[in-house]
Amino acid sequence: MPQETQLDADVLVIGGGNAGFTAAHAAAERGRKVILLEKGSEELSGGNSFYTAGATRIVHGGLEDLRGFIEDDERHPDTEVPPYTAEDYAHDLAKVTEGRNDPELTRVLISESQSTLRWLAGLGLKYRLMYERQAYQRSDGSYLFWGGLHVGNVGGGEGLMADHARVAAGLGVDVRYGHAATGLITRDGAVTGVRVQTPAGERAFTAESVILTAGGFESDPHKRREFLGDGWEHAKVRGTPCNTGDMITAALEIGAARGGDWNTCHSVQWDAFTPMNESNRELTNRLTRQSYPLGIIVNRNGERFLDEGADFRNYTYAKYGREILRQPGSVAYQIFDASLRPMLRTEEYDMPGVSVESADTIAGLAARIGISEEKLEKTVTEFNNSIDRTVPLDPNVLDGRAARTQPPKSNWASPIETGPFYAFGVTCGITFTFGGVKGDTHGRVLDDSGAPIPGLFAAGEMLGGLFSTNYPGGSGLAAGCVFGRRAGALA
């Protein structure tokens with residue numbers, strides 16, 4: 001009997017997040033028989049993508065250019081969406097990664113970002129402008145979008161993955177939940193399948209091609225400590241507990257080369273004290289605290305330690321979790337006064353059980369959070385006295401309203417002077433690791449000589465090379481879409 005008749009599928013996709021489902025759609029559209037194996041149960045599926053806000057960074061020419069695939073909104077006539085060019089995207093990636101982003105992967109990501117989202121929208125995924133995250137309403141009632149990140153999925157990460165599952169069902173993709181891949185099967189140097197732990201026991205699945213989209217190693221505290229360094233074992237896991245790096249290890253064992261930066265990751269400011277603040281499928285992304293550019297951040301010594309207004313949140317948030325981890329007890333406090341409190345993101349700062357303390361005075365607030373009253377009052381006074389109040393506050397732009405103290409605050413410096421005062425406890429929440437396997441622009445996994453390993457592809461967080469130290473918000477989902485589609489189109 002010919003070998004082809006014995007295969008379980010033409011294409012096996014390992015991992016059921018955004019990249020995996022995108023790859024499955026692309027392969028199924030070509031008439032390929034696709035099986036998608038997801039480690040989590042159906043109730044715990046969706047990978048890290050489920051936990052996101054669904055924000056996706058793409059090139060576009062402004063609101064008119066986006067109208068073809070985003071949902072209508074009654075606010076559109078009063079909305080300004082600045083174009084986000086290919087040059088903008090390339091500059092932002094190079095800036096935040098300190099030039100360590102792979103140039104060819106970058107080129108493909110940028111050039112295909114919008115066309116890939118339009119293709120997904122054509123399949124049935126739904127997109128919208130992210131007013132609540134990426135625009136402030138101006139005094140005349142209009143909205144101005146900022147930071148290059150404007151489009152997101154309707155329903156956030158939950159909506160994204162529900163859409164993906166519906167589209168996959170329509171395309172005939174066979175999705176198997178509770179199937180944890182444990183190793184790769186090879187024959188004559190080519191990958192021909194995977195070993196899988198299923199609810200019924202161990203078995204092998206065979207196929208012409210295998211696409212690895214099983215995420216990084218951020219959910220394994222031992223690997224975090226080994227590759228990211230001491231202390232990282234204490235970081236809170238924002239997303240799925242399933243991303244333990246097993247299939248990265250499996251790929252390396254058959255000769256795949258390492259790709260990307262194995263020593264850094266995406267990490268954010270995360271609610272420090274709310275119970276169940278890891279892998280929380282009910283609150284998901286609401287446990288982030290991303291209005292920090294408006295206020296100040298202090299550690300347990302009552303000291304500021306970073307520039308809260310260095311740039312738009314989109315370009316700093318993924319590295320500031322690391323800075324929190326380095327502070328005493330790996331905890332800090334975002335502090336705002338009564339005038340700033342209404343500007344904070346409602347979905348994050350008004351969530352059920354939010355970690356917050358408040359008081360009518362700075363001294364009272366310090367007592368509530370266990371910080372020296374004298375030190376916190378000194379920090380706040382020095383900060384307030386250093387602000388250039390001749391510059392108007394405008395959170396929609398880099399306004400240059402600076403606090404010239406140490407460390408400086410470069411933009412959006414507002415005095416912390418009107419009670420009541422609020423302190424939101426934050427720690428380090430790890431999102432995903434930047435190291436994975438090395439691949440080409442089609443997602444083909446390469447060996448140490450640079451040659452493709454026959455039958456093996458990778459996309460999403462497993463494909464290393466795009467990010468290092470930091471990343472521009474929304475580029476992770478975009479990369480999963482672009483390289484997932486490319487892998488599925490070739491596998």
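Predicted model: local features only at pLDDT ≥ 70, side-chain atom pairs only at ≥ 80, totals over all residues.
Which residues in α1 are buried? N18, A19, G20, F21, T22, A23, A24, H25, A26, A27 and A28 are.

Residues are numbered from 1 along each chain as its sequence is written, and side-chain values use heavy atoms, with hydrogens and water left out.

**View 1. Helix α1 and the residue that follows.**
Helix α1 covers residues 18–29. Helices (H or I, at least four residues) and strands (E, at least two) are DSSP runs, numbered from the N terminus. From first C-alpha to last, the 12 residues of α1 reach 17 Å, close to the 16 Å expected at 1.5 Å a residue. The expected span is 1.5 Å times one less than the number of residues. Because 11 of its 12 residues are buried, α1 is largely enclosed by the rest of the structure. Buried means under 20% relative accessible area, exposed over 50%, and partly exposed in between (1.4 Å probe, protein chains only). Just after α1, G31 takes a positive phi of about 85°.

**View 2. An open sheet of three strands.**
The strand order is β3-β8-β5, with antiparallel pairing. β3 (55–56) and β5 (127–129) stand at the edges with a single partner strand each, so one side of each has no neighbour in the sheet. Two strands pair if DSSP finds at least two bridges between them. β3 and β8 (residues 151–153) pair over two bridges. A55 stands opposite G152 in β8.

**View 3. Two aromatic pairs.**
The structure holds 22 aromatic pairs. Y349 and F424 form one that is edge-to-face, at 4.8 Å centre to centre and 85° between the planes. Y349 lies in helix α10 (residues 346–349) and F424 in strand β18 (residues 421–437), so this pair ties together parts 75 residues apart in sequence. Both Y349 and F424 are buried. The ring centres of F434 and F467 are 5.8 Å apart and their planes stand at 55°, so that pair is tilted. F434 sits in strand β18 and F467 in the loop between β20 (452–458) and α13 (475–490), 33 residues apart. F434 and F467 are buried too. Rings of Phe, Tyr and Trp (its six-membered ring) pair if their centres lie within 6.5 Å; planes under 30 degrees apart count as stacked, over 60 as edge-to-face and the rest as tilted.

**View 4. A ring cluster and two arginines.**
Ring pairs link Y317, F432, F434, F467 and Y471 into a cluster. R313 lies over the face of Y317, 4.7 Å from the ring centre. The charged end of R341 sits over the ring of Y422, 5.6 Å from its centre. A charge sits over a ring if NZ of Lys or CZ of Arg is within 6 Å of the ring centre and within 35 degrees of the ring normal.

**View 5. Cysteines without a disulfide.**
A search of the whole structure finds zero disulfides. A disulfide is a pair of cysteine sulfur atoms within 2.5 Å. The closest cysteine sulfur to that of C242 is in C265, 19 Å away and too far for a bond. C242 counts as buried at 18% relative accessibility, and C481 counts as buried at 3%.
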